[in-house]
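Have the sequence and the 3D view ready, and look things up as we go.

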Amino acid sequence: MPEKIFVTRSSMPPIEEYIEEIKTLWNTHWLTNMGVLHKDLENKLKDYLKVKEISLMVNGHMSLELVIAAMKFPRGSEVITTPFTFISTTHAIVRNGLKPVFCDIKPNDYTIDEEKIEELITEKTVAILPVHVYGNVCAVEKIQKIAEKYNLKVIYDAAHAFGVTYKGIGIGNFGNASVFSFHATKVFNSIEGGAVTFNNPELNIALYNLKNFGIRSEEVVAEVGANAKMNEFAAAMGICNLRHIDEEIRKRECIVKKYRELLHNIDGIDCLKIPPDIEWNYSYFPIQIDELRFGKTRDEVHILLKQNGIFSRKYFYPLTSDHACFRNKYMNISIENARCIAKRILVLPLYADLSLDNVSKIISIILKK
């Protein structure tokens, strides 16, 4: 049976390394509730991401949902965000009793169009929730100026941006908070996991309460909370994977360079451009397929690859605003760029162990007449 090539594959350390990391758990039996490995990973990530404060969580979604909750916005308030993202971003807003207001994106890097944010601000707006898409960084300086002008909070969804720096600054330092995902499919994973990074240490107390039932001591529950703690086995995987992260990113970079070389000057296929101020993490390799110039639609290419055992992903299609759970509520909003790109975008397989021969195979199938 021919080898199947999936859009991503989890990076894992040598099994002996992971076993060595978790051995102490059989002595302590301390498996969760902010154990030794949890604290160790927190400190190591704080250094790697170049951030002042960090709070680990069970996954990226709960990280986002709880940091929004920590802001204590009035129910019914509006949050300006992007429709070109994973559904988790929108769900986190809605599950906090807030209303997402969708802003269009820029066609060059797929991030929220900062020039269109102000026209969406109303007396109910409390925050802006942009997304660093595929590791491309939002216009952080302009967004911050808008937020300060209207006294709004800024929470970045940085699920795609682990390790990314902008002008030498760790991406988790911008806005009031940034949220990372350590899901198994990400550049860095802890099997499942996530984190919130921030500069205000007071936010640490609120996040601790929210992720640990509001418990402050044996007899004191300070506020209503959830259970979103990272366990020790996940923390151990994170510690191990963090040792190899720079090598993983270098391998991904080689694969991306090969993709770019093979797609150079192919009419109708456009690759994502990386701005000069960004140290990228090579998290995804999206292409835009223009049917009129290339001769095949995105969907035709997607099916063709699948027929050959190669699983690409239409990421993000549909837009979050257009999913069935919203029952066509947002179908008439003005997000032309996002809708156009969502119909053309295709993410090709990318993971550290993907061979360059398989990259060549993928592209040869795409270009086959």
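Is Lys 142 buried, partly exposed or exposed? With a relative accessibility of 44%, Lys 142 counts as partly exposed. The labels work like this: buried is under 20% relative accessible area, exposed is over 50%, and partly exposed is in between, using a 1.4 Å probe and protein chains only.

## Before we dig in

This is a predicted model, so local features need a pLDDT of at least 70 and side-chain atom pairs count only at pLDDT 80 or more, while totals for chains, interfaces and linings use all residues. Residues are numbered from 1 along each chain as its sequence is written, and side-chain values use heavy atoms, with hydrogens and water left out.

## Charged pairs

Side chains of opposite charge can pair when their charged atoms come close. Here a salt bridge means a side-chain nitrogen of Lys or Arg within 4 Å of a carboxyl oxygen of Asp or Glu. Searching the whole structure turns up 25 of them.

Back to Lys 142: its salt-bridge partner is Glu 115, with the closest N and O atoms 3.6 Å apart. Glu 115 sits in the loop between strand S3 (99–102) and strand S4 (125–129), while Lys 142 is in helix H6 (residues 140–150), so the pair ties together parts that are 27 residues apart in sequence. Helices (H or I, at least four residues) and strands (E, at least two) are DSSP runs, numbered from the N terminus. Glu 115 counts as exposed, at 56% relative accessibility.

Another salt bridge joins Asp 290 and Arg 293, at 3.3 Å from N to O. Asp 290 counts as buried at 13% relative accessibility, whereas Arg 293, at 38%, counts as partly exposed. Salt bridges with shared partners also link Lys 106, Asp 109, Glu 114, Glu 115 and Lys 142 into one network.

## A helix tucked inside

Now find helix H4, residues 60–70. Nine of its eleven residues are buried, so H4 is largely enclosed by the rest of the structure. Among the buried ones are Met 62, Leu 64, Glu 65 and Ile 68.

What caps the N-terminal end of H4? That's Asn 59, which has a side-chain oxygen 3.2 Å from the backbone nitrogen of His 61. After H4 comes Lys 72, with a positive phi near 55°.

The largest pocket has a volume of about 500 Å³. It is lined by 32 residues, and the closest to its centre are Phe 86, Ser 181, His 183, Lys 186 and Tyr 315. H4 turns up again here: H4, helix H5 (87–94), strand S8 (177–181) and strand S15 (345–348) each supply at least two residues of that lining.

There are also three cavities of 30 Å³ or more. The largest cavity has a volume of about 40 Å³, and its lining includes Tyr 48, Leu 49 and Phe 180. For these volumes, grid points are joined across faces, edges and corners, and the volume is the space filled by probe spheres set on the points.

Methods: A polar contact is a pair of N or O atoms within 3.5 Å; within protein, one must be able to donate a hydrogen and the other to accept it, and residues adjacent in sequence count only if both atoms are side-chain atoms. On a 1 Å grid over the protein atoms alone, a cavity is a set of points where a 1.4 Å probe fits but cannot get out, and a pocket is an open set with protein on both sides within 12 Å along at least five of seven lines; lining residues have an atom within 4 Å of a point.
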